[in-house]
Amino acid sequence: MDKSGKKILLAAPRGYCAGVDRAVETVERALEKYGAPIYVRKQIVHNRYVVETLEEKGVIFVDETDEVPENAHVVFSAHGVSPAVREGARSLSLSTLDATCPLVTKVHNEVKRFAKQGYQILLIGHEGHEEVEGTAGEAPEVTYLVDGLEGADTVPEEFADKKLIWLSQTTLSVDETVDIVRRLKERFPNLENPPSEDICYATQNRQVAVKKIAPQCELMIVVGSQNSSNSRRLVEVALQAGAKDAHLVDFARQIDESWLDGVSTVGLSSGASVPEILVNQVIEFLAQRGFEDVEEVTTAEETISFALPRDIRPPRVKK
Ligand code: SF4
C-alpha cells in the first residue's frame, strides 16, 4: 500500500462474459457483412456505452420487430426472445440473427421440455425483464413468475397438488434465489429442483469475487447500467457481504466526490455487459484522488467462449 493508505481492490472476474462478447461481436460482424443500418430488437446487452457506441456505427435499436423495414437485418439481443417474437419477424420477412446467449437458450429449452412433461413451472426472475419475458413466452400457459421473496409468498395455493418445478433467470443473486426456493418449498413440498443451475457461471463468479473483497471496503463501486440485472445484484451482494457503501455507475464522471470522504479502501467490479475501458476510467478517476495502489483479487479463471451465429461465423481455415 502507498503512504496515503488509499487503495483499490479490483474484483476478478468482472466485466464481459462470453454471452455478451458473442452478442456484441454478432452485431459488429453483421455491420461488416451487410452494412449499416443493422437493426437490433431491444438493447443488445444492457449497457449504455455499448449501445451508444454501436449506434454511432450505424445500429438502430428498436423495441419491436414491426418497427423494422421489410427484408432488413435484425438481431435478437443476448436476453433472448419468445417464439411469438420469432414468428412476428418471420411474418415480416425479416432476416434475423440470433444473439441470444446459449445459457439463456438452455433455460428456454428447459421450459419447453418440462411443459411437454406436464409440469407447472415457477420461474424465479424479475417482472418486466426481457429475459424473463422471452423464457416465459416458451410456455406461457404453464409458467408462473415468482419475483423475489414477496413473490414466493403470493404463489396461489392451487399449485400445491400440481407437478411443479422451479427454473430461474440467469442473472439473479445466488443467495436470494436460495432463500426464495426455501420459502417456496415450505409452501409447496411437491416443488422439484431443475437438473442443473440456471444462474449462469458469469453471474455467480462476479458475485463470489465481490463477496470476497466487500468486507474490506468502505465503498464498492460497480460499473454497470441501471437496467443491468447482474450489475444491480453486485451492488446488493456487496452491501450484504459487508461493504459500508456501494453504488452503481455507468461512467467515472458519475462518482460523487462525497462518497470518498473518509474512505481508504474502494472495491471495484463491473457487470457482465461492461467493457473494461469503463473500469479503467474509474481507476484513473480514483488515482487522481489518491487511490494509486490497485490490487486485483481473483477468485476464478474464466475460459468459456461461445461460437458466433452460423451466418456470420468466419470460415474455418482447413489445414
Ligand atoms: S450474464 Fe450469463 S446468461 Fe447473461 S449473457 Fe452473460 S453468460 Fe449469458
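Two residues are in contact if their C-beta atoms, placed from the backbone, lie within 7 Å. Helices (H or I, at least four residues) and strands (E, at least two) are DSSP runs, numbered from the N terminus. The model is predicted: local features need pLDDT of at least 70, side-chain atom pairs count only at pLDDT 80 or more, and totals for chains, interfaces and linings use all residues. Residues are numbered from 1 along each chain as its sequence is written.

View 1. Strand 8 (residues 164–168) runs parallel to strand 9 and is joined to it by 2 bridges. Leu164 has Leu191 in strand 9 as its bridge partner.

**View 2. Strand 10 and strand 11 are a parallel pair.** The chain passes from strand 10 to strand 11 through helix 9 (residues 229–240), in a right-handed β-α-β crossover. A crossover is right-handed if, with the strands pointing away from the viewer, the path from the first strand over the helix to the second runs clockwise. Val223 stands opposite Val249 in strand 11.

**View 3. The ligand is surrounded by 15 residues.** The closest are Cys17, Gly19, Cys101, Thr170 and Cys200; a residue is near a molecule if its C-beta atom, placed from the backbone, lies within 6 Å of it. Helix 1 (18–34), helix 4 (102–116) and helix 8 (201–213) are the elements that give two or more residues to this shell. Helix 1 gives the most, with 3 residues. The shell holds 10 nonpolar, 5 polar and no charged residues. Ala, Val, Leu, Ile, Met, Phe, Trp, Tyr, Cys and Pro count as nonpolar, Asp, Glu, Lys and Arg as charged, and the others, Gly among them, as polar.

**View 4. Domain 2 touches domain 3.** The bounds, from an automatic or database domain assignment, are 7–16 + 201–298 for domain 1, 18–100 for domain 2 and 103–192 for domain 3. In the contact, 10 residues of domain 2 meet 11 residues of domain 3. The side of domain 2 that touches domain 3 has 3 nonpolar, 6 polar and 1 charged residues.

How values were computed:
Pairing = 2+ DSSP bridges.
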